[in-house]
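Please open the structure in your viewer and keep the selection panel at hand.

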Amino acid sequence: MKPTESDTEFSFETSRSDIEVTWKQRLGDFYREFIYKPGLVAWSDNRTRLGALLMLVYVLMGTVGVVYYRAPTSNQSPRGVQPFQTTEALLGTTGSGIDILAMIIHATPPMLIMVLSGGLFATTLAVTFGTVAGYKGGVTDRALTTFADIAMSIPGLPLIMVLAIVFSPTNPAIIGILLTINYWAGLARAIRSQILTLREESYVEASRTLGVSTWRILVKDIIPNIMPYVLVNFANAARFVVFTSVGLYYLGILPTSVANWGVQLDQAYRNAGALTGAGTLYQLVFPMLAIMLIALALILLAQGMDRVFNPRVRTRLAGESRSTDGDDTEAVSTTEVLN
Amino acid sequence: MNSYYIKRTLRSVVTLWIVVTLTFGMIRLLPGGPLVQLRAQLIRQGVDPSEINGIIESYQNLRPDQPLYIQYFDYVSSLLTGDLGESIRYGEPVAALVGDALPWTVFVMVTATVIMYALGILWGAVMAYKEGSTFDTVSSALSILFSTVPFYVFAIFLVIIFGYQLEWFPTRGRTSVGAQNPYTLGFVIDVVRHAVLPIMSIIVTQVGLQALAMRGNSIQLLGEDYVRVARLRGLADGRIATRYVGRNAILPMYTGFLTLIGFNIGGSVILEEVFTYPGIGYYMFKALEGRDYPLMMAVFLVITSVLVVALFVADLTYSKIDPRVQTGDSSEAY
Amino acid sequence: MATDDPIIRMRNASVTYDHGESYVLDDVSLDVERNEILGIVGESGSGKSMLASAMLDAVPDPGLLEGSITYVPESGSKVDILELDKPGLRSLRWEEVSMVFQGAMSSFNPTMEVGDHFRETIQAHDMDLESGMDRAHELLEDLYLEPERVLNSYPHELSGGMQQRALIALSLVLDPELLVMDEPTAALDLLMQRSILILLRELQEKYDLTMIFITHDLPLVAALADRMAIMYAFKLVEIAPTREIVEHASHPYTRALLNSTPNLDASLEEMQPIEGSSPAPINLPGGCAYHPRCPLATEECRTTVPEFERTADGHVAACHHTDEAVDRIPLNYEELLREDTLGPDGDRA
């Protein structure tokens, strides 16, 4: 038996990396990893494309449209005009002569602000809660989870309604936050579950062993991996804000000084006699379409982005094939992009 | 295992207590909150100031002039005896109103959610089975389309078309005017006819997303080893579809089912307004509209409690359907 | 390579994807001798799992399996496996040829008790439930499990080793002739691995089984198998009785594989991984697929695919330079061999 001797020495020398990564490169890398590549994968899906285009229409309506198109007031056009009759009021007018298209366009900016603020609020809170609770574990986790559970137990709609009545908010950003006041809780729970799995990954363990601070681990190792999930849920939260705000405005629970498609629905339902005559149905249909299309845009975006996150949902091929070779042929398209 | 049950029950009780306290807080402490408004209303009505406190007490079960903790105690103790205060608008004890209305709302919402889930699961399973086919593509598109409308907006649409225009279904009420005897077939049919449109609003607008969820779960499962092994073991396709794929695909959707019931009960506020259906949501709406705080807060409390109970049931029973789960933490994956 | 009493005769079996664009099993011909334990060894991605699946005609979509695979039962006529229709496959699978996958946990339905898996399998094949379950009990006992306890448990309630053994019992419940096992011990600790090997040997003797044991772990299967077949790049490169492989492997890849196994007796430098990595199916090198990594490679190797050459009794290797392999690639445990070999003067027996 030969003793373990050798001519060449084994050494575990470490050497300083000679590669300096500049800020510019970092930024470039960030862009490539988190925006360009996922964007490309998401864009390749027709659904995301359609959703993004639709959203663009709304954003344009809310920014450019508001500036160039007249604001809705009574008697700005002949009363009770049917849609597609005149170019002045393309979608017709109400019984008091208000241009329907104007109402739709001018209700868009507050809606967009609400969606943005509500979505951001819910998502940020959920990510913070879920991540800290999931990662820290122990007492922190139990305390945070109990808090989230209680928030989740209180049904959103009644609570929002009560608060809306009491506070009568008019600022869309505040309304957005109010609407999602306990929506974040369900999301936080789901994120926590994701984190629980992620924190067992080897690279997290590696970072911990290296003494990287918790904050950095969260920001660099963990959160980037849940981003697709978060984005998907941002779109869902946005849809929730749209639906809920419409409902509340329809009921008149939120002060109607802020324009909203729900207000239009209410007016159409009650005042214009949309109930009885098919002639005035258009006053109901167009705001409804406005709601449906933005919801569609958000659902499409969510579904399309889900694909980035969950490639297995794609096709049966990826699911059934057992050999890694089969998966290779399926994954070729994405690796082309991602390489 | 038993300690888990105890802990979970305790947690529900604590949640309920917190909700009660929260409600109390909102009533008492919010600026411009219920009590303040109530007082202002009474003053406007020209009520004798010396009587105001007494009236507030009868409506809200609080004695405003007493220290906070006594008010709290009053409130909670009256709740425990089933006294939910008195409605300003209706002049009746809230408990009576709620007792009358709650079963109807639960009937509509639970029926609707159950049917919707059953349909969604079946549809989603077939979509997964026929994945990639025209049926699947069209179904997926329809599912998304149906989900773009909130159920209350769709309800408006249904009322107009099927209620007013076509007159197939009644447009308001739980039953026809004058219907008395609850034990005749005619009565049952009448009740069902009044419930069809509300139930349809919920089913049509929510089934799509559930079907898609089921489809996604099922497709993932088809790639699982145990499905492959089951095929090799010679099991019939039907058995694999139900016991292997279906049974496991439903798991993540279970808790969602109960939460959705809770959510829909909350949404009954809007739905019942559209249909003028006197359930608990309708009373809530009327209370909101008329700033009837005692009624409003009491209904809020009731709805919340129902949801707490629903979640409680969900957590406790989840381990019955998923044997892997021992402590009741459900598999949260979508 | 043909044998005397084959239970499986496989000729020119290939599995392709993309209309013949890529091969994941390349023209494999093999006989499996009745009642033997055959070990099939290969790296990940060498096609060994495909080979296993092919025996049951269970290659996953969209792979296409071609060639001829014949099953020869103890009594009765030969069965052309690839020609079987659905009912035929049902009679073959699990009743005659059974399979155990890697990762026992994922082979059970997590929401069903283990016992129910047995019951439904028995019933799906129209067998008598009572005698089937009696057999199940016996098998579980042979595998050193408590039948009642295991049958009434859910899969996740059992340990990894118990699950694997339960899975083996499940695969044998219909009394098959041939058992194909794909990495059955990969997820287990070393002690459990050894125990299962012993159990498998016992089972094989008691039930007159033929076993195919597929793994990447050469030393492990060498302790169990009668014969071994080495796979590389979706082809078989060497087939021989175990002893022959261990002492006189003739293919450079096999020898390199033997050298790369960590070995207490060799010094640090003598243990070498094989340079390079095995090829992907779309990117197969021309000629002998191993030539980029082979120290003996010549021009011939780069252009011509080697045929099987007979190097000893029952021993074939697909290499142009089998005679040189032994001399130019020394095994790092040769000292041990010299000590152990039966022949008194240490020469080839």
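Predicted model: local features only at pLDDT ≥ 70, side-chain atom pairs only at ≥ 80, totals over all residues.

Residues are numbered from 1 along each chain as its sequence is written, chains are lettered from A and ligands numbered from 1 in the order in which they are written, and side-chain values use heavy atoms, with hydrogens and water left out.

Select chains B and A to begin. Here 58 residues of chain B are in contact with 52 residues of chain A, where contact means heavy atoms within 4.5 Å. The two chains bury about 5,100 Å² between them, and carbon and sulfur atoms give 71% of this area; buried area is the accessible area (1.4 Å probe) that two parts lose on being put together, summed over both. Between chain B and chain A there are zero salt bridges, a salt bridge being a side-chain nitrogen of Lys or Arg within 4 Å of a carboxyl oxygen of Asp or Glu.

Now select chains C and B. In this interface, 24 residues of chain C are in contact with 21 residues of chain B, and the area buried is about 2,100 Å², 55% of it on carbon and sulfur atoms. On the side of chain C, the residues that lose the most area to chain B are C:F101, C:T111 and C:E120, together 26% of what that side buries. How many salt bridges does the rule find across the interface of chain C and chain B? There are three, and to see one of them, select C:E120 and B:R233, whose side chains meet at 2.8 Å, N to O.

Finally, select the cysteine C:C288, which counts as buried because its relative accessibility is 13%; buried means under 20% relative accessible area, exposed over 50%, and partly exposed in between (1.4 Å probe, protein chains only). Over all chains, the structure holds zero disulfides. C:C319 is likewise in no disulfide, and its nearest cysteine sulfur, that of C:C294, is 6.0 Å away. With a relative accessible area of 7%, C:C319 is buried.

How values were computed: Disulfide = S-S within 2.5 Å.
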